[in-house]
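Hello,

Here is the structure I promised to pass on to you. My notes follow below it, and I hope they are handy when you open the file.

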Amino acid sequence: MRLDLSSHITLEGVPKKYYRPENDYEEYNLSRYEKLPLAIYEETNKAAKKIANDIVKEMLKLKQTGKQFVLGISGGSSPLPVYEELVRQHREENLSFSNLVVFNTYEFYPVMDFAYSNLQMLKDFFLNRIDIKPENIFSPDATIEKDLIAENCEVFEKDLQRMGGLDYLLLGLGSKGNLAFNMPGSSLHSQTRLVMLDGDSRKDIARNFGSLDKVPVSAITMGLSDMMEARKITLVAWGEQKAESVHNIVEGPVTDMVPGSILQTHSEVKLFVDLAAASDLTRISHPWLVTNCDWTNKLIRRAIVWLCGVVDKPILKLTNKDYNDNGLSELITLYGSAYNVNIKIFNELQHTITGWPGGKPDADDTYRPERAKPYPKKVIIFSPHPDDDVISMGGTFQRLVNQGHEVHVAYQTSGNIAVGDEEVIRYISVLKSMRKKFDPGNKGLLEKYEGIRQYLMHEKAKEDQDTPDILFIKGRIRREEARSADRYVGLSEENVHFLDLPFYETGKVKKNPISEKDVNIVKDFIQTIKPHQIYVAGDLADPHGTHKVCLDAILASIDILKEEEWFNDCRVWMYRGAWMEWEIAHIEMAVPLSPEELRQKRNAILKHQSQMESAPFLGDDERLFWQRSEERNRATAEMYWKLGLASYEAIEAFVEYIPVQ
């Protein structure tokens, strides 16, 4: 069972020659803009294994000479696959870490509950699962008195010097190009110190604490100067949300506004990224600037869209000179003239636009994104949380229902942790009033309601977890909001399904890894419907990671079902919109929305009242979900218009997923 197939999605349109060159000459050409050595991997687990093996090699080399191996490590999600591989080698290959010394590169301050500290996270995922000696773990103190912070930082520095400095430093790259909490503006000569966390930084880590108000206002971080003294540095970055940072530190100048860029001056550093994180690098995003290209339709489209932006012209006004002046003369050679290329790409983009996402019955579907038959189609819309369906494809959802298809919506998780306590108190008050009118003799129910209300209003501390009863109520709030939105769209209640995948139901922000149990639930559901279309969330930039896990569960199911006869007539469409939109060069189906349809989509989103201003997890975007969605849909429509196509109010975009062989 393959559980990480989402990592293959970006392979479409990214030939291997751009990140696995055949020889040194090609490597030099491809990396001409790159100032840091890097390795690009299709799958994070393969990169993690390579890094872990490198760490083990260095550690064992020192062990043979009787020396300790001093390793700097960081928290966050990026290094976790490396820790998992190191733990696996300890358990399955009897690897000993008896000579390992660890320095935690940052710690939140102040931390009232040590369970929320970065050190505790490192212990949970790594240190408590190997045979490291407790006295060999060094970390800034998260509980020290405020007037002793400077002294504590000095002690940390002296401990580092006493151990001979870092032999190896493993870091995750922050979304602002930061290393640990050395944020933009940090001195390139900084040492261990207390830093105040800005609003964006606190929002980035809010998922670790449950809500923003629980996040500490500051942190103690190892300085850039200390990091640069490490003998070897490995930096890791996964996912689209890191693409801009990767581009800035690899191809940009050394500047304190991008702290990670200082690594360009280190002689023993390497950056490991997946394809998604590498997507903004020139060799991946604009390969025609560094090498001869194998011109696929998608690559040509990307090049033309880019060229339109550079010269500020619509497609049909591009000239031979525009191509020749901007590194695209190959296309003129291949197609004979700018006009021939222009009309080809213009028609391709024109053919992505359809008002019939399920296919138009009794129509010529030669140039349509979806086939005309069968009609009506059986359709599954998978929604990771109970509102992603209407946020990301609410207009298309409405079209599919209105056009007579058999639409099923499957909500993969309960979304219960994303409901504020105040919502529960409000609903409890309503339930109490109903009990008083319709069931006044039920004292047990009254006690239950009063107990929940009392706990939430007077007893629950910020660090406390929700009780099972509260999680149940929060889950039901989100479930009924989803039903309300589906009724508004016109969906039959029997076509609304709640899968409640087990990985999510921890009651905590931290979720369990995907398992076969999750996959089997999804697989069995798909099997009962045998759909002609499946819509899935391809929003890998989801800061909570739930979208990726939900997508992996679906793709693993598809991987199992793809050989069945009915699946030959099934297409899988990926939508986005909650966090970012598809790049226009990749869009294969664009569903235009009128002003009225956009208003209806907004109304469906607004049925999810618990996800408005008071929702615990709105991410680092100040806009509400309906606002984000509308602006992204309008931006896609505007891009089509700028390229010379028809002007629409908004467009929802989709990319077809082809099962991995």
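Asn94 sits in the loop between helix H3 (80-92) and strand S3 (100-104); helices here are DSSP runs of H or I with at least four residues, strands are runs of E with at least two, and both are numbered from the N terminus. Its phi is near 60 degrees, a positive value in a residue other than glycine. Asn94 counts as exposed because its relative accessibility is 69%; exposed means over 50% relative accessible area, buried under 20%, and partly exposed in between, with a 1.4 Å probe and protein chains only.

Before you go further: this is a predicted model, in which local features need pLDDT of at least 70 and side-chain atom pairs count only at pLDDT 80 or more, while totals for chains, interfaces and linings use all residues. Residues are numbered from 1 along each chain as its sequence is written, and side-chain values use heavy atoms, leaving out hydrogens and water.

Asp312 also has a positive phi, about 60 degrees, although it is not a glycine. You will find Asp312 in the loop between helix H10 (297-311) and helix H11 (320-325). With a relative accessibility of 69%, Asp312 counts as exposed.

As background, most residues other than glycine have a negative phi, and most peptide bonds are trans. On the peptide bonds, there are two places to look at. The bond from Tyr109 to Pro110 is cis, with omega near -10 degrees, and Pro110 lies in the loop between S4 and helix H4 (118-125). Tyr375 and Pro376 are likewise joined by a cis peptide bond, with omega about -5 degrees; Pro376 belongs to the loop between helix H13 (338-352) and strand S11 (378-383).

Tyr109 leads us to strand S4 (residues 106-109), which is covered on both faces: Tyr106 and Phe108 are buried on one side, Glu107 and Tyr109 on the other. S4 runs antiparallel to strand S8 (residues 218-221), and 4 bridges join them; two strands pair if DSSP finds at least two bridges between them. Within S8, Ser218 is the bridge partner of Tyr109.

Finally, the surface. Which residues form a nonpolar patch there? They are Val430, Leu431, Met434 and Phe438, with about 380 Å² of accessible area together (Shrake-Rupley method, 1.4 Å probe, and for residues only the protein chains shown count as cover). Patch residues have over 30% relative accessible area and no salt bridge, with nonpolar side chains (Val, Leu, Ile, Met, Phe, Trp, Tyr) joined within 5 Å and like charges within 9 Å; a salt bridge is a side-chain nitrogen of Lys or Arg within 4 Å of a carboxyl oxygen of Asp or Glu. Met434 is placed in helix H15 (residues 421-438) and counts as partly exposed, at 43% relative accessibility.

Best wishes
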